Amino acid sequence: MAVPKKKTSKSKRDKRRATWVNKAAIQAKKALSLGKSVLTGRSTSFVYPQPDAEDAAE
């Protein structure tokens, strides 16, 4: 016979949510850092196509 599950405590729920939010914040910080390094041209961990000298002249 089906039995209702026990209720999750507020502290456990809040802890899970805090972990989820913090993971997203860390990824956002890394993405912003990578974007800044790409814009300054000092990126070593991100590979993207460089425009050729011929393409830039057109």
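The model is a predicted one, in which local features need pLDDT of at least 70 and side-chain atom pairs count only at pLDDT 80 or more, while totals for chains, interfaces and linings use all residues. Residues are numbered from 1 along each chain as its sequence is written, and side-chain values use heavy atoms, leaving out hydrogens and water.

Helix α1 itself covers residues 10-40, that is, 31 residues. From its first C-alpha to its last, α1 reaches 45 Å, close to the 45 Å expected (1.5 Å times one less than its number of residues). The protein chain has two helices and zero strands; these are DSSP runs numbered from the N terminus, helices being H or I of at least four residues and strands E of at least two.

The loop between α1 and α2 (53-57) contains Thr 44. Thr 44 is exposed, at a relative accessible area of 79% (exposed means over 50%, buried under 20%, and partly exposed in between, with a 1.4 Å probe and protein chains only). Its C-alpha lies 9.6 Å from that of Leu 34, ten residues away along the chain.

The whole structure holds one salt bridge, defined as a side-chain nitrogen of Lys or Arg within 4 Å of a carboxyl oxygen of Asp or Glu. Asp 14 pairs with Arg 13, their closest N and O atoms being 3.1 Å apart. Asp 14 is partly exposed at 40% relative accessibility, and Arg 13 is likewise partly exposed at 47%.

Across the 58 residues of the protein chain, 3% are buried.
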